[in-house]
Amino acid sequence: MLIYLSMIEDAEDQNKFEQVYLRYKNLMFYVAHRILNDAQEAEDAVHDAFVRIAEHIDQVGEPDCPKTRGFVVIIVERVALNRLERRRRREALPLEEWTPTAQREDPAPEEEEAFSRAMARLSPRYRELLLLKHWQGFSDREIGKMLSMSQGNVARTLQRAKEKLREALKEEGVEV
């Protein structure tokens, strides 16, 4: 708790934060754990939420009121949901594992043609990123440097490209 208190200059706000911390820490952990289903991730989410609360302690009225409880729960829910989304993106299957040509050593020519047609239907930007990442083997950072994009933007755009490719493959009659 000392870390959080060191972020707050006003003694009255420090006292208010301490009351919020003691009153809601267990509730916050419960909410985060319910969303993340992982104790360590939930603890990290609660920590991040308390950092945000400390940054905005001036917006908290009375520590023991429904409005404060709602504020605290909303913050920890958002932090936990953001962590869950990041985890899902990290755990998404690599393109090679779900393309029809990767599912068998010797894919049928029809599947290869359907895959080619699906790739052709993508925007040039999506095709370029998928090819650089999954066929050329470049990292997100390297692709970002090549294309003057941030690493995060590369990752987001690749995720969208994979989704569009999945849709295009389904339209071609290929289940992935």
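**Salt bridges.** I started with the total: the structure holds 11 salt bridges, each a side-chain nitrogen of Lys or Arg within 4 Å of a carboxyl oxygen of Asp or Glu. I note that this is a predicted model, where local features need pLDDT of at least 70, side-chain atom pairs count only at pLDDT 80 or more, and totals for chains, interfaces and linings use all residues. Residues are numbered from 1 along each chain as its sequence is written, and side-chain values use heavy atoms, with hydrogens and water left out.

**E172 and R121.** I looked up this pair next: the closest N and O atoms are 3.3 Å apart. E172 sits in the segment after α10 and R121 in helix α7 (residues 109–121), so the bridge links distant parts of the chain, 51 residues apart. My helices are DSSP runs (H or I, at least four residues; strands are E, at least two), numbered from the N terminus. E172 is partly exposed at 23% relative accessible area, and R121 is partly exposed at 43%. For the cut-offs, I used buried for under 20% relative accessible area, exposed for over 50%, and partly exposed in between (1.4 Å probe, protein chains only).

**Within helices.** In the E163–R166 salt bridge I found the closest N and O atoms 2.6 Å apart. Both residues lie in helix α10, 3 residues apart, about one turn of the helix. I also traced a network: bridges that share partners join R117, R121, E171 and E172. E128 and R125 form another salt bridge, with 3.7 Å between the closest N and O atoms; they are 3 residues apart in helix α8, about one helical turn.

**α8 against α10.** How do the axes of α8 and α10 cross? I read roughly 105 degrees for helix α8 (residues 124–135) and helix α10 (residues 151–171), with the axes coming within 9 Å. That makes α8 roughly perpendicular to α10, the label for 65 to 115 degrees (under 35 is roughly parallel, over 145 roughly antiparallel, the rest oblique). Contact (heavy atoms within 4.5 Å) involves, among others, Y126, L129 and L130 of α8 and V154, L158 and L165 of α10.

**Whole chain.** I count 10 helices and 0 strands. Buried residues make up 37% of the 176 residues. Of the contacts between residues at least 6 apart in sequence, 62% join residues at least 24 apart.

Methods:
Axes are lines fitted to C-alpha atoms, for helices over the stretch in contact, and angles run from 0 to 180 degrees between N-to-C directions.
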